[in-house]
Amino acid sequence: TSSDARRSRAYPTLLLVQTTLSVVLMAGAGMFGRSLRNLMAQDFGMRLSDVVLVGFEQGPGMVAGQDEIFRSALERVRAIPGVEAATVVKATPFAGHHVPPIGIPGMAESPSVNGQLPFLIAATPEFLDILGIDILQGRRFTRDDERGAPVVIVNHAMARTVWPGESALGKCIRICFDPSFDPMTAAGPPGPPTTVPCREVVGVSRDVRQRSIVPGGAEDRLMQYFVPFSQVPGPPAGVGEGPGVQGLLVRTSREATSLIAPIRRAVVDDRTDLPFVEVRPYSALLERQMRPWRMGTALLSLFGALALGVAGIGLYAVFAHAIAERRREIAIRIAVGAQPGRVLALVLREAGRLAVAGVLSGCALAVIAGRWLESMLVGTAPSDPLVLGAAAIVMLCVAGVATFLPARAASRADPTALLRAE
């Protein structure tokens, strides 16, 4: 009937749409998955594994006596089996930052990247070792620097930006507010300090990612510098105290998560008046930024699997129905001597044309749709042949299995029984 004919024409169109959608979703999941893998595998310039960050749960202001709490807990934490090193910290990459005014002799303005001044990181002699931050030139901090002359270590980006073509070692940096600066009467933000003592550059470190896990752009050119913990400059006069100890940084010799409970007990030390002590792997600081890629990969994989299943079931049902409709033709072909393999090839050829058309249209649509997500892709592209090829192969395999089963049953059928059924 005419309605049967319309349904017969509609089935291939519906299957084409399902196949195309499956390829698009699988390709999207592949793009997000490769981006997530590339984000996790990149070099952040520091060690993230087996490092633990300890601090109080975020709340308004600092806890009374916070400096002394963490300093007194330091030796107890160092005594825990499995702890290789520990130190007090203020700000760390991905966990706060301090950006005081900075001046360079001979420069009228403070050095910056897209308006961003260099980040100051307070560092004990153990800090760089715990995070595995390499020194490219010069030396690390020592215990003598805690009470010695003002010194500073700059990162490679700052060395090549401020002193291009020169060695940064021995150069002068002025950090903090000039004594004459009064925030209550100043007409604007402070300018580069000119009267505070010089700090000598004693080392150049490799660049460390400061804020964003996404590589490229200004993030790779951000300037950082380290000063000894006891030499961190304070705020302007009359403003109050500067930032104190924010927590502990711990390197472990075994899986960091296995030491979370012992470290927390060592910090709390049976006190009941402290806020909750957060002890988390340092890599957890990156998880919030990685969430969009994790969610994108999971959701697209889920919907892609559902679409793939629907397409596979649809292909099986439609070709099983089509074969049932053509059982007389198949019986006659077999009866006059057609080999079962030829009957099988006939059915698979028709299914193959439909599957290939769906795969091609799906790949084309994935490339077009992927351009809307290009800003989220890291180390891959909408036209990534590996991703598109994998999605195409999976779709063709599912289509092949879904149509092979009814085709094989038809090729093995008894022509006498088929004709008798007609």
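Me: Is E126 buried or exposed?

Reply: Burial is read from relative accessible area, where buried means under 20%, exposed over 50%, and partly exposed in between (1.4 Å probe, protein chains only). E126 has a relative accessibility of 17%, so E126 counts as buried. Please keep in mind that this is a predicted model, in which local features need pLDDT of at least 70 and side-chain atom pairs count only at pLDDT 80 or more, while totals for chains, interfaces and linings use all residues. Residues are numbered from 1 along each chain as its sequence is written, and side-chain values use heavy atoms, with hydrogens and water left out.

Me: Which side chain meets E126 in a salt bridge?

Reply: Side chains of opposite charge can pair when their charged atoms come close. A salt bridge is counted when a side-chain nitrogen of Lys or Arg is within 4 Å of a carboxyl oxygen of Asp or Glu. Here R143 is the partner of E126, at 2.0 Å from N to O. R143 sits in the loop between β5 (135–138) and β6 (151–155), and E126 in the loop between β4 (119–123) and α3 (127–130), so the pair links distant parts of the chain, 17 residues apart; helices (H or I, at least four residues) and strands (E, at least two) are DSSP runs, numbered from the N terminus. Both residues also belong to a network of salt bridges with E75 and R78.

Me: How many salt bridges does the structure hold?

Reply: The structure holds 14 salt bridges. One of them joins R271 and D273 at 2.8 Å, N to O; R271 is partly exposed at 39% relative accessibility, whereas D273 is exposed at 52%.
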